[in-house]
Amino acid sequence: MSKTISFISPKGGVGKTTVTILLANIFYFYFGWKIVVIDADFPQNSVAKRRKKELAEMEENPRLKKLYDILYAGRAPYPIIATNIASCPNRIAEWKDKVDFILVDITGTLNKPNLFDLLLEINHFLIPVRQDEFSLISAIEFYVTLYKNVRPESTCFQDCQLFFNHVPHKHNLPAILADIPKQFKFLSGHIAQHSAYEHTYRTTLYPIPKGKKEGAKLFEFAQQLHHLLAPVAAV
Ligand SMILES: Nc1ncnc2c1ncn2[C@@H]1O[C@H](COP(=O)(O)OP(=O)(O)OP(=O)(O)O)[C@@H](O)[C@H]1O
Ligand SMILES: [Mg+2]
């Protein structure tokens, strides 16, 4: 049985799409999980567009083409499905039981029609938060909404955690976390702010270099998710 997870937030620009691409990379290449990314952020569909762009670049660049051929040896990269909110539950249904994890990227504007129906299909919510007060307040309000409004109506809801993304080198997360009531489940790990996460590591085709410092840090964060999510990874 697949687990459907979503990096989701009521706030735009907190890194939902970036984190989806970065963690899909580690789940697929390093954890060996069978995944599909469903990109429901219509009409941007930036994950699907990124894949298309990377494939076109690969076709043009002999070095990348060679790397691709060695890496995939006739197989296909993990699938990325472009859709919209209304059709997303059907896309999820099509992939259930075909993969270990379905990652759903949803728009930042959450007052869209049909969104509630989509939220009812998600098993595990992960809410990225930036360090600023407004981001934190809206994330916590959303967490409460998920527990109060979605969970009672859902047969799929399993869990929900918050975590910090885009954390600058100098930060005071321990102090911030200490002030947050324990009822709100925060992951102890976070994702740093780093230019590699915006550019080179945001690839849908090639493994993130885990030997490099920023790759290793991301891997460490992903391992925390491995503990939370792994029990179902057995298709
Ligand atoms: N950890 C990070 N380090 C550096 N840059 C980051 C990080 N996370 C996100 N960003 C940058 O922040 C910006 C917003 O990220 P992204 O588009 O992933 O957010 P989003 O929540 O999906 O936005 P939207 O609500 O528009 O869908 C992008 O420029 C992205 O590169
Ligand atoms: Mg996005």
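This is a conversation between two colleagues about a predicted model of a protein with a ligand.

Colleague: Let's start with the overall form. What makes the radius of gyration agree with a compact globule?

Modeller: For 235 residues, a compact globule would come out near 18 Å, and the protein has 17 Å, so the value agrees. Along the principal axes, the C-alpha atoms fill a box of roughly 50 × 45 × 35 Å. Inside it are nine helices and seven strands.

Colleague: And what share of the residues is buried?

Modeller: Buried residues make up 36% of the 235. As for contacts with a separation of 6 or more, 80% come from residues 24 or more positions apart.

Colleague: Now the ligand. Which residues are closest to ligand 1?

Modeller: Gly-12, Gly-15, Thr-17, Thr-18 and Gly-108 are the closest, out of 17 residues that surround ligand 1. Two or more residues of the shell come from each of helix 1 (16–29), strand 6 (159–167) and helix 8 (195–198). Helix 1 gives the most, with three residues.

Colleague: How does that shell divide by class?

Modeller: It has three nonpolar, eleven polar and three charged residues.

Colleague: Helix 1 has another partner, helix 9. Why are helix 1 and helix 9 called roughly perpendicular?

Modeller: Their axes come within 10 Å and cross at roughly 75°. Angles of 65 to 115 degrees count as roughly perpendicular, so helix 1 is roughly perpendicular to helix 9. Leu-22, Leu-23 and Ile-26 of helix 1 make the contact with Leu-218, Phe-219, Ala-222 and Leu-225 of helix 9. By class, that contact has seven nonpolar, no polar and no charged residues.

Colleague: What about helix 2 and helix 3: how do you know that they are roughly perpendicular to each other?

Modeller: The axes of helix 2 and helix 3 come within 5 Å and cross at roughly 110°. The range for roughly perpendicular is 65 to 115 degrees, and the two helices are therefore roughly perpendicular to each other. Here Glu-57, Met-58 and Glu-59 in helix 2 meet Leu-64, Lys-65 and Tyr-68 in helix 3. This contact divides into three nonpolar, no polar and three charged residues.

Colleague: What makes you say that helix 3 is hardly covered?

Modeller: Helix 3 spans residues 62–72, and the count of buried residues among its eleven residues is zero. Ala-73, which follows helix 3, has a positive phi, near 40°.

Colleague: Why is Ser-2 called buried?

Modeller: Buried needs 20 or more other C-beta atoms within 10 Å. Ser-2 has 20, so it is buried. Ser-2 lies in the segment before strand 1 (3–7). Among the residues it touches are Trp-95, Lys-96 and Asp-97. Lys-96 is 94 residues away in sequence, yet the C-alpha atoms of Ser-2 and Lys-96 are 5.3 Å apart.

Colleague: Is His-227 buried or exposed, and why?

Modeller: With 8 other C-beta atoms within 10 Å, His-227 is exposed, as the cut-off for exposed is 12 or fewer. His-227 lies in helix 9. Its C-alpha atom is separated by 18 Å from that of Val-19, 208 residues apart along the chain.

Colleague: You listed Asp-97 as a contact of Ser-2. What makes the backbone of Asp-97 worth a look?

Modeller: Its phi is near 75°, a positive value in a residue other than glycine. Most residues other than glycine have a negative phi. Asp-97 is found in the loop between helix 4 (88–95) and strand 4 (101–105). It is exposed, with 9 other C-beta atoms within 10 Å.

Colleague: Why is Asn-114 called partly exposed?

Modeller: Asn-114 has 14 other C-beta atoms within 10 Å. Exposed means 12 or fewer and buried means 20 or more, so 14 makes Asn-114 partly exposed. Asn-114 also has a positive phi, about 75°, although it is not a glycine. It is found in the loop between strand 4 and helix 5 (115–119).

Colleague: Last one: which residues does a cis peptide bond join?

Modeller: Phe-42 and Pro-43, with omega about 5°. Pro-43 is found in the loop between strand 2 (35–39) and helix 2 (46–60). Most peptide bonds are trans.

Methods: Residues numbered from 1 in each chain as written. Chains lettered and ligands numbered in written order. Predicted model: local features only at pLDDT ≥ 70, side-chain atom pairs only at ≥ 80, totals over all residues. Near = placed C-beta within 6 Å. Helix = DSSP H or I, 4+ residues; strand = E, 2+ residues; numbered from the N terminus. Nonpolar A, V, L, I, M, F, W, Y, C, P; charged D, E, K, R; others polar. Axes fitted to C-alpha atoms, helices over the stretch in contact; angles between N-to-C directions. Parallel < 35°, antiparallel > 145°, perpendicular 65-115°, else oblique. Contact = placed C-beta atoms within 7 Å. Rg over C-alpha atoms; globule rule 2.2 N^0.38 Å. Lists of a residue's contacts leave out its neighbours within four places in sequence.
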